[in-house]
Amino acid sequence: MRVESADVYNSAQIQIRMIVNGQSMEATIEPRELLLDFLRDRLGLTGAKRSCDVQVCGTCTVLMDGRPVSACCTLVYEAQNRELLTIEGLADGDELHPLQQSFVEQSALQCGFCTPGMILTANSLLEEIPNPTRQQIQHYLKGNLCRCTGYWSVLEAVELAARRLQAEGQSEGSA
Amino acid sequence: MSEGIGHNVPRVDARSKVTGEAIFTGDLKLSGLLHGKVLRSPYPHALIRRINTDRAASLPGVVSVLTSTDLEDIDPYYGHSIKDRPLLAIDRVRFVGEPLAAVAAEDEVTAEQALSLIEVEYEDLPAATTLEEALSDDAPRLHETDTLRPGLFHGLGELNPDGNICYQHSIHRGDLAEAFKQAEIIVEQEYTFPAVYQYAMEPHTVIAAWEGKSVTVWASCQHPYLVRAELAELFDLPVASVRIIVPFLGGGFGSKSYTKMEPITVALARKARRPVRIANRVDEAMVTTRRHNMRCWMRTGALADGTLIARHVRLWMDTGAYADNGPRVVATAADAAPGPYRWKSFQVEAYCVYTNRPPSGSYRAFGATHLQWIGESQVDEIARQAGVDPVDIRIQNLLRPGEEVRPGGKALDADLVGDVQKIADALDWGSPKPPDTGRGLGVGLLAAGARPVSTAIVRMEIDGHATVLVSSTEMGQGVRTVMSQLASQELALPIEHIRVPGGDTWITPYDRSTGASRSTTLAGMAVHRAAREVRQQLLEIASQAFEVALEAIELRDGAAWRGDQSLSYSELIQFHFGFTGGELIGRGEVSPGGNKGSYAEGPVFWEVCVGGAEVRLDRDTGRLHITKLVSVADVGQAVNPDLVKAQEMGASMQGLGNALFEEMIFDEGQILNGTLLDYHIPTTEDMPDQFISRLVENEDGPGPYGIKGAGEGALAGVPAAIVNALADIGVQVTELPLTPERVWQALREAEAEHDDGGSPS
């Protein structure tokens, strides 16, 4: 059956492969399909949220090969042969990632809508700069809006996680 | 108990929020769920000559197309204060963005495409898109005033509509003319406050499932019981046939107070006979509700020594095309207008005005945020003219606890002088300032608490765990954590054994609303009382089990103790029922009558709005840099000091945004900055260098343990402080936000005046 409405969009179906939260997968997608809809509606990974739709707020942030991208403005096709990490893949089973743990301890969240994106961007920051200054954190997180916290607790949580990750790295290095 | 009140217990929802497990309305999946999209008016004011939905309805994948003709079997008007709003536009549209049709389809793309196939023929009408236009003699009328009916939760006395004024409110004390006659210093000025977008990061999202003669609604709403009442009335259902379930909210700040997208979603589900979801996008959220822009004229009189004696205020608030919460905002603004001083006389005339703009409603600290920066800048100007220090003029004139704030209202229940001194201390008031740096502070009051009607149920389950049923909405403020702590305190039970699920009107009992800083005080009181009932039952059962008097028993750590003997709560319940099942139930209620009328006069309490700021001005660009922000949380008793501080930080940052750059810009009723690309909210790079929050716990609130609400005051205090800090550098502005351009202009004018020798031109 040809569906008139979808003509514009469904001109082709594309097979892609990617790794999502450590699992390789294949999917048939439409060229127009946005990564955010794919993650939320098809994979049920609803941690990435939709808010501004224009790549300003950061609440849909996921990591693609370790770099933050706005899933609301990224085509699924762009994830072809890439590795994606969403908030659902950050913890190690029941054990929270040090960033998640520090966000809990510092109450670095209120409504929690921005939190998954905020944590993933911070994760990318700490991979790039393990011991960031406060100004570096502020600059890096500029693209992750939060209307609740005023950001102070977020900065403190990132600093705490950085200290812990560094201590962890050092103890592993000396072992 | 280390997890009861006064302790920094980690948020009970934190883990689910850092893992992505926390469920928001838009995360829910229902089988057969349809996606709804709304067709919105492109005109500020027009007649709808014809709507043709045939092509849209025949698009494959479209299940239903809804227009006002589908509403002929109901009275389709709603509005909690004034019933002025049709569920979908009928015959005419009154603002750019007004819904006039909606589509339910199998997927969002199809629904969106169907909208473009709906043909609408409009006939342009003259529009009143500004306050000035709406108030002019020949202004087009938004509504016929004789058709305005009070809404279900009006509660504001006579409407007194007049032209495009839908509500007016005035308060006064003393002989104004006589008081101004005595004045030796008079300051008089006009001011403008902009329209502001609340930007809760989760736009309004609603799912409705119509089943037979009942409907279930999952909604990102702050006030499930008020939404339930309006939906029941609209669709002529018993209230119990409307079930509202509230998942986590991605922020509220007032934008999700009262009824928003729920009626359209329910109407669409009723027609489609399948569950429908409508998820606003940000551009749609911006035309769903916003903060009132305002024009204000204020005149303040004082004696030569700085004694404040008289104030006269007129204010006009732009409520847009429909009243929404405008009348309440206007009344609260009137309450805030005099400021917390010992006036001989004051008079406030406040008007709520319809315009052809999107509707305005609640936004955190409404009324107070609008008025405090104005009143406080006049107080500072009088201080300058009288040669009195800004801190001293406040100590000289501020009301003391127990003094009348306004005629017929609750007397002052806070130590404002102490609060102001704390701000001054934190700002190092009086210490030398670096160049181009100013300091300012602001103090005010916000009528808080809304209606004191709340109920709660505490269930002590057979395993000794407790469930707290309360309808306060968790929207980030930490209400589930606070209620857990209040229950923990009374039940002597660890936090991890207490569960506070979200609101569900089939299960969690009546709570008037989540807003006006009321939850900890009022719903908290209901939880406190419900938990005490369970506590009493536990004591009675233990006294039977141990065969001793009640007084000999201590409840501690989830067990009843008699000396070193103990029975866990689980064992007590099994003893009581003689079975491995059963539960204890406690109920708590707060009502004006149940409190000997002490709440009847209103407000429930006066929320303290104080803020301090130190700012540095770049004279070349007009750009302001905030070096220090200070807030004082005067909360009676903090249940969780960290959560209080978190509220202060968030509210202060919103205050910073309101003061420095946030403004919805309209041109002939059309928003020019209608997305986050153009509407700027504070980011990490807008943070002040330093933030200091001081906690004041004088146990002077009406809640349990002397608690009173918090979370809004700093939003009113901060803009006042920033405006006064800028004036401290010699730059006076009468219009917010303080954009670099506006500040630069004001700076040039101030310098020109200075060059003229300061003589008035």
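The domain bounds used below come from an automatic or database domain assignment. The model is predicted. On that assignment, chain A is divided into domain 1 (4-89) and domain 2 (98-170), and the C-alpha centres of domain 1 of chain A and domain 2 of chain A lie 24 Å apart.

**Contact between the domains of chain A**

- Domain 1 of chain A contributes 17 residues to the contact, and domain 2 of chain A contributes 15 residues.
- Between them, domain 1 of chain A and domain 2 of chain A bury about 1,200 Å², with 61% of it on carbon and sulfur atoms.
- The count between these two domains of chain A is 1 salt bridge.
- Across the interface of domain 1 of chain A and domain 2 of chain A, 6 residue pairs are in polar contact.
- On the side of domain 1 of chain A that touches domain 2 of chain A, strand 3 (61-64) and strand 4 (67-70) of chain A are the elements that give two or more residues.
- Strand 3 of chain A gives the most to that side, with 3 residues.

**Nonpolar cores**

- The largest nonpolar core has 170 residues; those touching the most other members are Phe103(A), Val158(A), Tyr199(B), Leu315(B), Leu371(B), Ile722(B) and Leu738(B).
- Helix 17 (residues 713-728) of chain B gives the most to this core, with 10 residues.
- Not counting residues up to four places away in sequence, Leu738(B) touches Leu624(B), Ala659(B), Leu660(B), Ile722(B), Val723(B), Leu726(B), Val733(B) and Val743(B).
- Another core, of 45 residues, lies apart from the largest one and includes Val468(B), Val604(B), Leu643(B) and Ile707(B).

Conventions: Residues are numbered from 1 along each chain as its sequence is written. Chains are lettered from A and ligands numbered from 1 in the order in which they are written. This is a predicted model: local features need pLDDT of at least 70, side-chain atom pairs count only at pLDDT 80 or more; totals for chains, interfaces and linings use all residues. Side-chain values use heavy atoms; hydrogens and water are left out. A nonpolar core is a set of buried Ala, Val, Leu, Ile, Met, Phe, Trp, Tyr and Cys residues joined through side-chain atoms within 4.5 Å. Buried means under 20% relative accessible area, exposed over 50%, partly exposed in between (1.4 Å probe, protein chains only). Helices (H or I, at least four residues) and strands (E, at least two) are DSSP runs, numbered from the N terminus. Contact means heavy atoms within 4.5 Å. Buried area is the accessible area (1.4 Å probe) that two parts lose on being put together, summed over both. A salt bridge is a side-chain nitrogen of Lys or Arg within 4 Å of a carboxyl oxygen of Asp or Glu. A polar contact is a pair of N or O atoms within 3.5 Å; within protein, one must be able to donate a hydrogen and the other to accept it, and residues adjacent in sequence count only if both atoms are side-chain atoms.
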